[in-house]
Amino acid sequence: MSAELWNSAAHVLEINWTGDHMVPSRKLYPHQWSWDAAFIAIGLAYVNPTRAWRDLRSLFEAQWPDGRVPHIVFDPATAEADYFPGPGFWDVPAYANRPARGSTGIVQPPMHAIAAWDVYRHASAHGANCAQEARTELEWFYPRLVAQQQYLTGRRNLGGGGLASIVHPWESGLDNSPAWDEAMANVPADLSLLTTYQRRDLNNADAAHRPTDLDYSRYVGLVLSYRAERYDDHDLLDRHAFAVECPSFNSILASAELALAQIAGELGLSAEAAAHRERAQRITAAIVKRLWNARTGTFHALDVKTGKLSPAHCVSGLMPLMLPDLPAAAVESIMAEAKSEKFGISELPAPSYDRTAPDFDTKRYWRGPLWINVNWLLRRGLLVHGFRDEAEDLRTAMVRLVHRNGHFEYFHPETGEGLGAPTFSWTAALSLDLLA
Ligand code: 2M8
């Protein structure tokens, strides 16, 4: 089974390679996405490390002068009509993308330091030339990764409590997660926007599996609001309708500091390494202080505009398990939540949303279906805290699922049926890592 899965995964990464970067899938997502590139690099490290670096570089060449790494970097060879919202709609200021292919003005979870450290660690297995290449790349990336973190912990500290706010659900990567339902209800919804702008996702996907038109009208409205001030973050909390602290985004932010500590150590920068470790501890403490609900025993998204925690139990609430400094009581509670009927893994990995919730939706994107990337992060957390058996069960469940059903974008959380794009890059890339 493993050779077959390995070969099919490598094949997906071959067909989705454009020569310069990887697309998540050819039809539905014909550009380059930020956190996809990080997951993809983690898999490419095994089969083509040079491409892993090229892909990450391709993304970071579009980094803005303020340090933000855009959530999509556009491919000029792809027509505006093939993806909405395309570069024309985002209309980012000219200073933003210097050499550039054009980009969006929002971010995604900063998985890239974790990916860069992973690709670097695996390089020596490919021989001396690859090890040399990896060293050069690590030196190129380090200051850029630091700038990315500084943007998120600085300008995006909208709540003032040391966490980064997302200002659009797309920034979380968990687009229509129930975690934002309450915050999104306060975002003006103008359905007439969708007569001006046309959704393109529905040309390549089932409408019952995608966010609704109501969601999209709010997504578009939020971009228009941010775009109106040229994606400036000053006073954003006052003038923008959506600002949320997501436990998954911020856990990745803290993990990225830990990866930067490793990278700085490797580059001989010991004072910087200590500072990164300290920042990881501070973010971890802020996650516990601001996003923990002792009554529900899990982490929730915080609506920074209202000061309220979302009541939804989402897979994002389990993600702080990635953090080594998480207090033992929180680790214990997350483990109980992960094993409960809400998320419990058996034959299948964890769903994106509480299986027992009345609005659990087995098909609609991040409102129920299960995704390989968040389960991969969950497994990482299990390993961080020494839950080796649980980590191995989860690994086996993921490998079995993809082997039986294919490299789909997401999966039905009860039957395991593949949903969304059929040859999806991060599913393939992370399968390689799970098999290695
Ligand atoms: C999905 O998001 C995009 C918008 O960014 C979309 O729906 O068109 C999400 O699953 C996101 O996490 C992912 O990075 C992206 C590309 O795979 O698709």
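A: **Around the ligand**

A polar side-chain atom of Y83 sits 2.6 Å from a ligand oxygen atom. That is a polar contact, meaning a pair of N or O atoms within 3.5 Å; within protein, one must be able to donate a hydrogen and the other to accept it, and residues adjacent in sequence count only if both atoms are side-chain atoms. The model is predicted: local features need pLDDT of at least 70, side-chain atom pairs count only at pLDDT 80 or more, and totals for chains, interfaces and linings use all residues. Residues are numbered from 1 along each chain as its sequence is written, and side-chain values use heavy atoms, with hydrogens and water left out.

G173 uses its backbone: an N or O atom there lies 2.6 Å from an oxygen atom of the ligand. Y365 uses its side chain, with an N or O atom 2.8 Å from a ligand oxygen. The protein covers 100% of the 410 Å² of accessible area that the ligand has on its own (Shrake-Rupley method, 1.4 Å probe; for residues, only the protein chains shown count as cover).

There are 17 residues around the ligand, and D36, Y83, G173, D175 and Y365 come nearest. A residue is near if one of its heavy atoms lies within 4 Å. By class, this shell has 11 nonpolar, three polar and three charged residues. Ala, Val, Leu, Ile, Met, Phe, Trp, Tyr, Cys and Pro count as nonpolar; Asp, Glu, Lys and Arg as charged; the others, Gly among them, as polar.

F84 and P85 are joined by a cis peptide bond, with omega about 0°. P85 is in the loop between strand 2 (72-73) and helix 4. Helices (H or I, at least four residues) and strands (E, at least two) are DSSP runs, numbered from the N terminus. Most residues other than glycine have a negative phi, and most peptide bonds are trans. R230 is not a glycine, yet has a positive phi of about 55°. R230 lies in the loop between helix 10 (213-228) and helix 11 (236-239).
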